[in-house]
Amino acid sequence: MTGTALLFLVLGLGLIGWIAGRARAATFVRSAKNGPRGTVNSLPYYHGWFVAICAIAPALVFMFIWQSISPSLVTNMVLSAPAAADLPQEGFARAAILSEARAIAQGFQTAAFQDESEKLVPLYASALSYYKWIGVAATLLLLFAGGAYAFTRIKPDFRARSKVERVVMFGLLVASLIAILTTLGIFASLIFESWRFFSMVSPFEFLFGTEWNPKSVVTPGAENGYGAIPLFWGTIFIGAVIAMIVAIPLGLMSAIFLTQYASATVRKWMKPILEILAGVPTVVYGYFAALTVAPAVRDFAVLLGVSNAASDNALAAGIVMGVMIIPLVSSMSDDSIAAVPNAMRDGSLAMGATKSETIKQVLLPAALPGVVGGVLLAVSRAIGETMIVVMAAGYTANLTANPFATITTVTVQIVALLTGDQDFGSPHTLAAFALGLALFVTTFFLNYVALRVVKKYREAYE
Amino acid sequence: MSNAIMNPTPTDWNGQIMQKRIARRYAAERRFKAMGFLAVALSTLFLAFLLFTMLGQGLRGFQRTEIAVDFDFPALTSGTTAASISGPNADAALNSMDVPGIVELAISQQYGEISEGLLTAGAAGNVRQMLIDDTALVTGKQQLWLPVDSRLDVAFKRAGEPAAEQTVSTLAQKDALRTGFNWTFLTGADATDPSAVGIWAAFKGSLMTMAITLMLAFPVGVLAALYLEEYATKNKLTDMIEVSINNLAAVPSIIFGLLGLAVFLTLFGMPRSSALVGGLTLALMTMPVIVIAGRNAVKSVPPSIREAALGIGASPVQVVFHHVLPLALPGILTGTIIGMARALGETAPLLMIGMRAFIPAAPQGFTDATTALPVQIYLWSDEVNQGFVEKTSAAIIVLLIFLLGMNALAIYLRNRFETRW
């Protein structure tokens with residue numbers, strides 16, 4: 001019996017429990033003598049839910065726990081068998097043989113590459129089925145015990161509703177906690193893997209080194225080519241400089257035009273069209289940048305007399321990224337301009353200022369904090385953006401301010417480091433986590449500041 | 001200034017200086033407005049340019065070039081009958097017939113020395129499928145149209161390599177080439193030959209990934225939104241939840257990929273490049289979007305509804321699940337669809353969890369190795385072969401159609417069910 005089948009069995013039995021509990025409670029209601037419902041505390045279906053929850057919940061929790069502990073139980077059982085005694089003691093070879101034997105026993109793999117694992121297959125098969133049946137039996141036992149207990153509790157004056165509602169509230173709380181759990185998971189995995197990385201490569205080299213040419217075998221104390229300064233520079237240059245040169249004027253001016261000048265019809269049509277720019281997948285932008293924009297930029301550079309223009313230049317990636325960001329800048333500016341009190345605008349217009357003078361000298365200064373917050377959010381979006389730079393910017397680390405040169409970014413290198421067939425513990429893989437940590441901390445900080453700025457500014461006019 | 005106050009002389013509005021000044025200010029006004037218009041126009045033009053480029057290249061991807069090949073089946077198969085390749089033993093009979101050999105023989109008989117490399121790698125499979133669909137073909141002489149090799153395909157549609165160009169012009173003189181609809185593209189999987197590739201495998205992988213994402217992110221997101229809006233008391237824990245959700249909504253997607261790699265693959269040992277892990281990773285990414293949209297929808301339900309329900313004796317849980325949730329559902333659904341559309345176009349986290357392998361068949365289960373449509377686009381865009389350019393654009397068209405459809409559905413739902421209180 002596979003895990004999925006057992007899951008469906010448990011859920012099916014839970015449904016039967018629901019029906020049974022509801023039916024039993026319904027007989028109380030029907031046989032009640034005083035009043036329409038008598039002294040029955042809860043509606044019948046609450047009794048049904050009570051039975052179903054009592055039956056399913058412990059069984060599911062047990063299944064989950066069993067899923068995580070049974071593999072080690074199986075391994076222990078196999079290792080305690082006499083045939084396992086002549087396995088190599090050395091950790092890596094031993095683990096390889098064991099995992100291969102397990103894969104064959106589970107049917108994921110058909111033939112063994114190592115002779116030792118061939119011998120372990122029957123052992124594994126028997127251990128797996130032994131613990132699987134223990135798991136199934138215990139799950140069903142728990143399910144029936146829980147269901148039976150709940151069923152005997154059903155009485156006319158039993159407060160099934162408050163019990164069920166307590167479970168519902170618990171479920172709601174757990175659902176909310178998943179967000180915290182995810183954040184903690186991100187933090188923990190990034191910090192843990194980065195710590196492993198920094199035990200191989202010195203953090204000093206990583207943060208201040210200017211040479212990025214990661215070696216797969218590191219020697220402690222020497223330069224290993226893990227200097228991330230060129231990556232940080234590339235990320236800032238593409239995401240915070242080139243992209244913003246495109247996105248800020250276009251986004252801000254679009255917002256001003258659509259809110260201040262355009263007629264209602266134009267606004268109604270143009271706003272969704274701008275939003276489409278935000279909805280296009282980044283892989284499409286990346287393809288467009290690599291296929292169409294980058295060659296055009298290179299031709300333009302040649303026209304300007306720049307001879308060493310690369311086909312995977314930073315400018316193409318930055319421009320396309322800027323276009324992607326336009327809707328974000330535009331909608332944030334839109335919001336903050338709309339939040340400026342009308343009295344300020346009307347006052348300026350009444351003094352005889354033209355519309356553009358009002359916008360430039362009254363609305364924009366008043367809306368500036370909101371616009372700045374929006375730009376910070378946009379920068380955080382841009383430096384975390386992956387596909388555009390992976391497809392259009394290059395893989396070579398270059399510490400240069402020449403927009404026609406190849407420049408690589410943090411996200412490109414994360415992808416590059418993780419796409420080889422590397423062992424998880426290799427410095428390449430771990431370096432990707434260290435870069436991820438740097439990226440996470442930066443974007444977290446930018447988002448935090450941006451939200452604070454926007455919030456503070458909103459309060460100022462409320 | 002003080003002088004002006006003591007001797008108030010009225011400003012000469014019609015004087016030359018003032019008129020000039022006003023003209024200048026109005027010119028500045030017009031320039032500013034034109035700049036705003038230009039910004040909107042540039043953004044729109046960029047979008048139009050992008051879409052036209054994709055359409056221009058991608059539409060060719062749905063077409064394929066076919067070549068006429070004459071098959072004298074009785075001679076080629078030494079008299080196989082229609083009955084022998086139907087029924088339960090059809091597979092074995094077709095295998096023993098050696099379809100690839102027959103195809104090779106037929107084409108070399110017809111086209112002589114240029115026959116080398118005319119057909120795409122999957123052509124023998126096409127013939128086999130034709131024979132299964134219509135077993136009567138095997139009894140006579142037939143002219144079948146088979147897809148050509150990708151080099152010739154490119155050369156026939158637009159400029160290709162000189163050698164291929166020459167072959168194509170020779171064939172075109174014989175009227176042996178035609179353009180047909182590329183069904184393989186909609187039903188096939190990844191292949192090394194661009195004329196044999198299809199998006200079905202990647203698309204199915206995307207659908208399965210989305211199914212997992214929806215099943216996890218939707219309930220969790222809705223429940224979390226209800227908790228935060230309706231029940232949470234203002235305390236440290238609630239603050240932490242709110243900060244987490246706002247932060248998660250802005251975390252770069254690649255970070256979720258790293259989380260998936262470290263936790264789901266390495267720690268839990270889940271199957272690499274499977275729809276299950278992809279769905280889990282994207283669910284964590286989509287959940288905050290649903291929570292934020294859900295909170296706004298729940299917030300917009302007026303308090304009078306809650307008070308009325310409480311007034312007739314409903315419990316707080318009943319108030320929310322019987323009254324608030326149904327009223328907020330359209331808004332929640334709109335947010336969910338938008339979040340799902342974002343997840344459908346997401347590539348980077350899926351690359352991190354290994355969904356970039358060469359997958360030549362559609363996945364059968366949630367734990368099978370699979371790829372997703374955006375990842376397939378990325379993989380094809382990396383290919384050197386010219387034939388992949390149009391396939392990549394064609395796959396992009398399919399992806400964009402789906403995203404557009406989802407967004408249109410979201411807008412429709414919002415307009416249809418939105419209640420103004």
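Among the contacts in chain B between residues at least 6 apart in sequence, 76% join residues at least 24 apart, two residues being in contact if their C-beta atoms, placed from the backbone, lie within 7 Å. The model is a predicted one, in which local features need pLDDT of at least 70 and side-chain atom pairs count only at pLDDT 80 or more, whereas totals for chains, interfaces and linings use all residues. Residues are numbered from 1 along each chain as its sequence is written, while chains are lettered from A and ligands numbered from 1 in the order in which they are written.

Chain B contains 18 helices and three strands, which are DSSP runs numbered from the N terminus (helices: H or I, at least four residues; strands: E, at least two). The radius of gyration of chain B, taken over C-alpha atoms, is 32 Å, well over the 22 Å that the globule rule (2.2 Å times the number of residues to the power 0.38) gives for 421 residues, so chain B is more spread out than a compact globule. The C-alpha trace of chain B spans about 115 × 75 × 40 Å along its principal axes.

Where the two chains meet, 66 residues from chain A and 63 residues from chain B take part in the contact. On the side of chain A that touches chain B, the largest share, 19 residues, is supplied by helix H5 (residues 160-198) of chain A. That side of chain A has 42 nonpolar, 20 polar and four charged residues, where Ala, Val, Leu, Ile, Met, Phe, Trp, Tyr, Cys and Pro count as nonpolar, Asp, Glu, Lys and Arg as charged, and the others, Gly among them, as polar.
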